Amino acid sequence: TKSYFAQKGWPLAETVDEAPARAHATFKGWYNPAANDDKGINRNSAYISSYLTYVEGKEADPVPFDFGSKIFADTDLYAVYTADAKYRELTLDPNYDGADKVVVKIYDGQNVGDQIAAQTSISRDGYTLSGWWTDPVSEKIGSDVYKLDLDRAADSSVPFPAYGTYYAHWT
């Protein structure tokens, strides 16, 4: 977060720094979520997700901030990005005392097991990992408990895998 000052009624011009970098995303522009289009309708908030990524719309495009416009009040601007590679973060809990949880990024279209193996080497002396489950104790598959399918490709449209924590089960 940065603050810039411009005299009331003057344009902000090019005072704002270049676009901040963000992994796996492309800078789309500076947007004011409260801005109205030329018909006086606020469209920006519908096109900017809570992750500050651009959401494709049906009615119109969001209105980028016009740095030549005059500023009459405090104005919030947000750097908005298009997501280049869709991914979700999962927390892997080794599920034994003294072990640290690990957060991994799982990218769409890629095998889940390969991605986990590339990002972490969770092991436990004297044990073999039998799988990652949504419950730290139970292996009884039900509506709230399931085993993570490591042979499947990630797909955010399904969504698979689901967000959350997965617990190691050991033999």
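Visitor: What order do the strands of the open sheet have?
Guide: In this predicted model, the four strands of the open sheet are ordered β4-β3-β6-β5, with mixed pairing; strands are DSSP runs (E, at least two residues), numbered from the N terminus, and two of them pair if DSSP finds at least two bridges between them. Residues are numbered from 1 along each chain as its sequence is written. Because the model is predicted, local features need pLDDT of at least 70 and side-chain atom pairs count only at pLDDT 80 or more, while totals for chains, interfaces and linings use all residues, and side-chain values use heavy atoms, with hydrogens and water left out.

Visitor: How do β5 and β6 run, and how many bridges join them?
Guide: They run antiparallel, with four bridges joining β5 to β6, which covers residues 164-170; in one of these strands, β6, Trp170 is the bridge partner of Leu129.

Visitor: Switching to His169: buried or exposed?
Guide: His169, which lies in strand β6, is buried, since its relative accessible area is 5% (buried means under 20%, exposed over 50%, partly exposed in between, with a 1.4 Å probe and protein chains only).

Visitor: Which side chain does His169 join in a polar contact?
Guide: The side chain of Glu139, at 2.8 Å; a polar contact is a pair of N or O atoms within 3.5 Å, where within protein one must be able to donate a hydrogen and the other to accept it, and residues adjacent in sequence count only if both atoms are side-chain atoms.
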